[in-house]
Structures are given as C-alpha cells and as structure tokens.
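Hi there,

Here is the structure I promised to pass on to you. Have a look first, and then read my notes below.

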Amino acid sequence: MKPEKKACEMSVRELAAYIDQSVLKPEFTQEEIKKYIQEGIDFGCKTVCVNPASLDIAAELTKGTETKICVVCDFPFGLSTTASKVIQAEQYCKRGDIFELDIVANYGWIRSGLWKEVEEDIKAVCDVCHKYSTEVKVIFETDALTMEQIKKATEAAIAAGADFVKTSTGFYTGGKSDGATVEIIQAMLEVAQGRCKIKGSGGIRDQEHFFKLIDMGIDRMGVGYRSTPVVLGVSAKDAANKDTY
C-alpha cells in the first residue's frame, strides 16, 4: 500500500516498522541469536524473523516489547510434503506467540507449472495458521523463476489465502541472487492489486533501495542484521538508547 508520506520524511521508528530483522543463519551461536534479536527489538523492527529452534529465545526477549515474532517454516527449500508443512506450522502457531509465519513455496512445482498443487500446498498451511490468527507470507524464491512464473505464483498464493507474497529466502545458491528488485516488486504489486501484501527480501542493503521500495508501496522487507542500521541510518548503539529517536 502506498504510504501517506515519502520514506525520506518518515521517522526511524516509522521506517523500522517495515522491517522483519532476519536472524536466520544456521551457524549462529546462542549468544549471536540473542544479540541480533535484541538489536531488532532496539531498532523497533516490526518482527524478528527466526528459525524454529530460536523461538524460545525470541519469546523471552520480545515479551513486553512492540517487536513481534516471525518464524520460518520448511525453510529454505520448501520441499517437505504438504502434510509435513501443516504439522510444522501447527506446532509453531499453537504456542500462541507467533505473529507471522514465512513458508517457502515448492518453487520446483512453480517452475513445472503445477498450479493446482502449488495452490493446495499453500492453502493447507494458510488454513492452519489462520486458525491461530497467524498471518502467512509465501516465499517464491524469485531468482529461480521467470517473471511470468512470479506473476502466476502470486495469483496462486492469493487464491490460497496467503496474507503476503515474498521474494526470497536469502539462501538461494542455484544462480543469480538479486532478491527484491524494483522490477519484481512492481510486478507483484501490479498482480496483487491490494488483494495481499508484498514482502521484499534479499538484496536490500542500502537506504536508497529501501526508500524506493517503501515509496512504491511495499508492505514489509526482510533485512539482514548487518543491513538494518544501514537502511535506517542509525547505529545499533544509538538504537539501544531510546532517547536518540
């Protein structure tokens, strides 16, 4: 949705509300997970996006704050059976503290044109998450897809009841790694026409790109822990000092 004012006119807190701070690297130690979740909270990010194994840490740190929990599911490949995805999603959502769940679509199916199967797979996860009032973001891994496949996948996700469509996992190694380009976000916005929200992820590393996507009407962005202070223009130390902004 187009914002009421331009990104360059927004406060740091208003800008941070666009961010899911990514804390997803599999090699992170427990201390690193705590550090980067806490930084996401200090920045005022909408959510911290974590792996399921980090949910207890995230719950402890975000309790009583405005920052919520986003958990990834069947990440980063999306190749579990539909039944397994549903079990995973239910396991996470029934905790009662999951604000959003990011599920990876089977993008091999998308590339194969199996649209019925793609829609049914997404719908099964959406149905279980919505029982718990958890919104679902569907990741397509757009770097693996053509523009036509991205457009058709967006329609399939909307038909399945997805709350967001999302570009990337940030872990794709099969080719280019452009992530949330202006061209792809524009295509998603044009197809969605307000029927679902748009999340960009991957390649959002500078303020110019971040501001451009906000002004286009993007709803959320996945930003890595290193890039959050860059796109917000404030240091982690300053963010921890709430009087700074």
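**Helix α4 and the cysteines**

In helix α4, the residues K85, Q88, A89, Y92 and C93 are buried, where buried means under 20% relative accessible area, exposed over 50% and partly exposed in between (1.4 Å probe, protein chains only). These residues lie on the same side of α4, because they cover an arc of only 120° around the axis; the arc is that of the directions from the helix axis to the C-beta atoms. A83 and I87 are exposed, on the face of α4 turned away from its buried side.

A word on the source: this is a predicted model, in which local features need pLDDT of at least 70 and side-chain atom pairs count only at pLDDT 80 or more, while totals for chains, interfaces and linings use all residues. Residues are numbered from 1 along each chain as its sequence is written, and side-chain values use heavy atoms, with hydrogens and water left out.

What covers the buried residues of α4? Among the elements doing so are α3 (55-62), β3 (68-73), β4 (100-104) and α6 (115-131), in contact meaning heavy atoms within 4.5 Å. Helices (H or I, at least four residues) and strands (E, at least two) are DSSP runs, numbered from the N terminus.

How many disulfides does the structure hold? There are 0, a disulfide being a pair of cysteine sulfur atoms within 2.5 Å. The sulfur of C70 has its closest cysteine sulfur in C49, at 3.6 Å, so it is too far for a bond. For C73 the closest is in C129, at 7.0 Å, again too far. C70 is buried at 0% relative accessible area, and C73 is buried at 0% relative accessibility.

Enjoy exploring!
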